[in-house]
Amino acid sequence: MGNRIPYKNFSSYVLRSPLLTFDFYKQITAKEHISDEQFKGFCSDVRVKEAIFLASPALSNAINRWINGEIENVKDVDKLKFSILKYLSRMSSRCTPFGLFAGCSIGTFSDETNISLNSIEDHKRHTRLDMNYLVALSQDLTKIEHVKKQLLFFPNTSIYKIANQLRYIEYKYIKGKRYHYIISVDHTSYLDQVLTLAKTGAKLKDLANVLVCKEVTEDEAYGYVEQLVSNQLLVSEFEPSVSGPEFLDQIFSVLSKLENVETIIQKLNTIRNQLKTIDNTLGNDTKTYQEVIALLNDFETDTNPKFMFQTDMILGRKTNTLDKNIIRDIQNGLRLLNKINAKKRTSSLTKFRDAFYERFEENEVPLSQALDTEIGLGYKQNQGHGDINPLVDNLVLESKKTKYNVREIKWSPIHDFLQKKLIEAYQNNAFTITISKRDFENIEENWDDLPDTFSCMIEILEIEGKQKIKFDGYGGSSAANLLGRFCHGDKEMKQLVQEISDVESKINSNKIIAEIVHLPESRVGNILMRPNLREYEIPYLAKSLRPEQFQLPIDDLMISIKNNTDIVLRSKTHNKEVIPRLSNAHNYSHNSLPIYHFLCDLQTQQIRSEMWFDYGPLSENYEFLPRVEYNNLILHEATWYIKKNRIDTLLKNENDDDKLKEAVNQLRFKLNIPKYVLLADGDNQLLVNFENLTSVKMLLNLVNKRTEFQLKEFLSVNNNRVKQDTQYCTNQIIVSFYNERKLKK
């Protein structure tokens, strides 16, 4: 294998940083309390006001009522202040892009790190209507009689054939939530004629005419076709696509071909121009948004201010360069993670593979039939939560509970090593565990089972006067996953993501890489929406805008098992293996349809889709986990698992500031907790200042009903390398890599 890592970085990286500086947070929490006047002053800042409105119109309205003296109840005011502080903490410490709270900017590698952001007024933004509203609008437009008669209709992209029946997915919205149903219909000659003609798009009248004969009148034929539309066997060209132009532009594209829709186009044009005007400023009056909503009310589609606008922020920068020597630091971290991260032995995909081979052996089977829950295998196998009977909808029989909770622990020599390190740290009362290259020199590196491209997340820090790098490793099947959804608002981002996609295509030139185009729920479209990035697409319960020859419908896909190890997805039309890709960060595993879930899982077949430092089962046995450092890399923040009884004294004295302050100091001393910590709830992290009682009370308000909660040290306390004027900002940097060795081959 040699000593050289086969992965090379792309020439650009992505900086992520919040709207406000960390110095701002230090200032607002510098004293023991944050006064009502201070809160009202923060909320009067037009930029903060707009950011909060876009995140929560209801909170924005409550703040206005409080400022106007309409909310006086002490408990209600305290609850409101805690909500405000959470948002202020979010927009001054957390880098994950969300509305106007944080944004992105493209940077390049150079001889030194020099990152200086412009003032807030110079940041750019990209605002669009929420997909939840646009999908509802498109459905309402389809119901307008003179519009519907002009539209082209296509077969539902989830249709597949089983014996003499067709099956497809129908969806309904119940109280705002989307529910999917598998529907079976007889595959009659009438239905076949309609679907065949609709394959390339046809108007309802033409679809009906194909059925007219001696036995079928025009009215009967038209009624039959309309019933197919009502039952979603046919979908209009207003059906959304999450790959390609933004959906409002797609709606314009359809309307531009129709007659007698000038009024609709004019209204939508006015709205689009209003959004462009909004994007000229960071700090718009919320009345501007109300004016847009008033225009939208003309369409009689339900409007909910909470789900009306989506905004991405592009950070303006004076300079944005990263020292290219940091690449070497990241590669050293990757070498270590490569050794200590074992490949998962079992997964939903391997269970499906084994079940498939047991049923079909080496025979090739249509994907839709293999995943059919009645005649096929479904997906996933052995889910482990009760017994699910597909014959009884929505009935889950819970497994019997035992007296003691039994859990399966996967233990390796790495955990032996870490346990020894933990015992030493506890004996020496150490805050940090240090790992050296020597500790794992006998473990070989394996670079053959990693993705073709991936993105690493780092944070540039300064701790005790030295530069440190918080290194989070990587996750996902492609370097494009974290970046795809931001391409519409940032041309430079689009260029980087396209470069990543092109490299993956070159590495797999003998196969087809196809983008999965699926909309599981309207609002999820805000995350899923990205430009056309790949030549081929797999449309499933969504529309593809690619030419027909570059679409791979579900009934074109076949699966088989190769050498009893790999699942092979093949296109019948092109007679090539297909590699699915989902170029966004959608958490597809939650409550997804079997075919969509399977295609997404197939992205990571036989590869280690994630590599980061993890204490594993040890994290459940210790109240405190020390920080882990390797050279100048921080692999894991110091972490505390706080039981409810640890904060009983704090909760008891919550209304007595002197006693609360004393209890906080005692807790921090006992557990060696620093001033600034993060309340960690999965991916969500909230900054807390233990020397500010308003911040402490906010924390107690959040955790008082929990049996346990997790705190992590906040590392960006001191000056770091990202500045906005004279103040410092927290940062996250995404560095993407590709397998240079594979590319050369």
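Before you start, know that the model is predicted, so local features need pLDDT of at least 70 and side-chain atom pairs pLDDT 80 or more, while totals for chains, interfaces and linings use all residues. Residues are numbered from 1 along each chain as its sequence is written, and side-chain values use heavy atoms, leaving out hydrogens and water.

**Stop 1**

Select D36 and K81. Their side chains meet in a salt bridge, with N to O at 2.8 Å. The term salt bridge stands for a side-chain nitrogen of Lys or Arg within 4 Å of a carboxyl oxygen of Asp or Glu. D36 sits in helix α2 (residues 36-44) and K81 in helix α5 (residues 74-93), so the pair ties together parts that are 45 residues apart in sequence. Helices here are DSSP runs of H or I with at least four residues, strands are E runs of at least two, and both are numbered from the N terminus.

Are the two residues buried or exposed? D36 is partly exposed at 28% relative accessibility, and K81 is buried at 13%. Buried means under 20% relative accessible area, exposed over 50%, and partly exposed in between (1.4 Å probe, protein chains only).

**Stop 2: a link across the chain**

Now select R167 and D372, whose side chains also meet in a salt bridge (2.8 Å, N to O). This pair links distant parts of the chain, 205 residues apart: R167 is in strand β7 (residues 165-174), and D372 is in the loop between α16 (367-370) and β13 (387-388). R167 counts as buried at 6% relative accessibility, and D372 counts as buried at 2%. The structure holds 43 salt bridges.

**Stop 3: strand β25 and its neighbours**

Select residues 627-630, which form strand β25. R627 and E629 point one way, V628 and Y630 point the other way, and all are buried. Which strands pair with β25? Strand β15 (residues 432-435) pairs with β25 in the parallel sense over four bridges, with Y630 as the bridge partner of I435. Strand β26 (residues 633-636) pairs with β25 in the antiparallel sense over three bridges. Two strands pair if DSSP finds at least two bridges between them. Finish at N631, which takes a positive phi near 55° in the hairpin of β25 and β26.
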